[in-house]
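Visitor: Can you walk me through this one? I'd like to start with the strands and then move on to the charged pairs.

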Amino acid sequence: MASGEAGLAPLVGTQISVITNDGKHYVGILRGYDQATNLLLQECQERVYSTRSGVQIIQNPGVYCIRGDNVAVVGEVDEEADSQLDLSAVRAPPLAPIQH
């Protein structure tokens, strides 16, 4: 088993947060992954941050694929805490792409 697999296996079927190299933030249920860390998310939403308005939620129906070479960070979401967030009141600068 590859090192990435050991870390992702317990997260299958749970809600995760993914930040990509191009500065996007996705939240969805991890349905699968492979050795290249390609991720399959269900009930996926993209969260777009702004300093002027609340967080914009873009719903992605069905199964959404994120290429492994674009994955920067994956983390488990505390669904109870996440559901209590008022994202319309959150002001934050957009995430910047990763500079190598």
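Predicted model: local features only at pLDDT ≥ 70, side-chain atom pairs only at ≥ 80, totals over all residues.

Visitor: Is Gly-28 buried or exposed?
Guide: Gly-28 is buried, because its relative accessible area is 0%. Buried means under 20% relative accessible area, exposed means over 50%, and partly exposed is in between (1.4 Å probe, protein chains only). Areas come from the Shrake-Rupley method with a 1.4 Å probe, and for residues only the protein chains shown count as cover.

Visitor: Which strand holds Gly-28?
Guide: Gly-28 sits in strand E2, residues 25-33. Helices (H or I, at least four residues) and strands (E, at least two) are DSSP runs, numbered from the N terminus. E2 is mostly covered, with seven of its nine residues buried.

Visitor: What does Gly-28 touch?
Guide: Leaving out residues up to four places away in sequence, Gly-28 touches Thr-14, Gln-15, Ile-16, Leu-41, Gln-42, Glu-43 and Cys-44. Contact means heavy atoms within 4.5 Å.

Visitor: Which strands does E2 pair with?
Guide: E1 and E2 pair in the antiparallel sense over five bridges. E2 also runs antiparallel to strand E3 (residues 39-48), joined by seven bridges. Two strands pair if DSSP finds at least two bridges between them.

Visitor: And what about the turns?
Guide: E1 and E2 form a hairpin with four residues between them, and Gly-23 in that turn has a positive phi of about 85°. The E2 and E3 hairpin has five residues between its strands, with Thr-37 at a positive phi of about 65°.

Visitor: What stands opposite His-25 in E3?
Guide: Arg-47 does. His-25 is also the bridge partner, in E2, of Ile-19. Further along, Val-27 stands opposite Gln-45 in E3.

Visitor: How many bridges join E3 and E4?
Guide: Nine, in the antiparallel sense, and E4 covers residues 56-66.

Visitor: Which side chain makes a polar contact with Thr-20?
Guide: Asp-22, at 2.3 Å. A polar contact is a pair of N or O atoms within 3.5 Å; within protein, one must be able to donate a hydrogen and the other to accept it, and residues adjacent in sequence count only if both atoms are side-chain atoms.

Visitor: Switching topic. How many salt bridges are there?
Guide: The count comes to two. A salt bridge is a side-chain nitrogen of Lys or Arg within 4 Å of a carboxyl oxygen of Asp or Glu. Asp-82 pairs with Arg-47, the closest N and O atoms being 2.8 Å apart. Asp-82 lies in helix H2 and Arg-47 in strand E3, so the pair ties together parts 35 residues apart in sequence. H2 spans residues 79-83.

Visitor: Are those two buried or exposed?
Guide: Both Asp-82 and Arg-47 are buried. Asp-82 has 17% relative accessibility.

Visitor: And the other salt bridge?
Guide: Asp-69 and Arg-67 meet through their side chains at 2.8 Å, N to O. Both Asp-69 and Arg-67 are exposed.

Visitor: What else touches Asp-82?
Guide: Besides Arg-47, Asp-82 touches Gln-15 and Val-77, not counting residues up to four places away in sequence. Gln-15 is in strand E1 and is buried, with a relative accessible area of 17%.

Visitor: Last one. Which residues make the nonpolar surface patch?
Guide: Ile-19, Val-73 and Leu-95 make a patch of about 210 Å². Patches are made of residues with over 30% relative accessible area and no salt bridge: like charges are joined within 9 Å, nonpolar side chains (Val, Leu, Ile, Met, Phe, Trp, Tyr) within 5 Å. Val-73 lies in strand E5, residues 71-76, and is partly exposed at 45%.

Definitions and conventions: Residues numbered from 1 in each chain as written. Heavy atoms only, no water.
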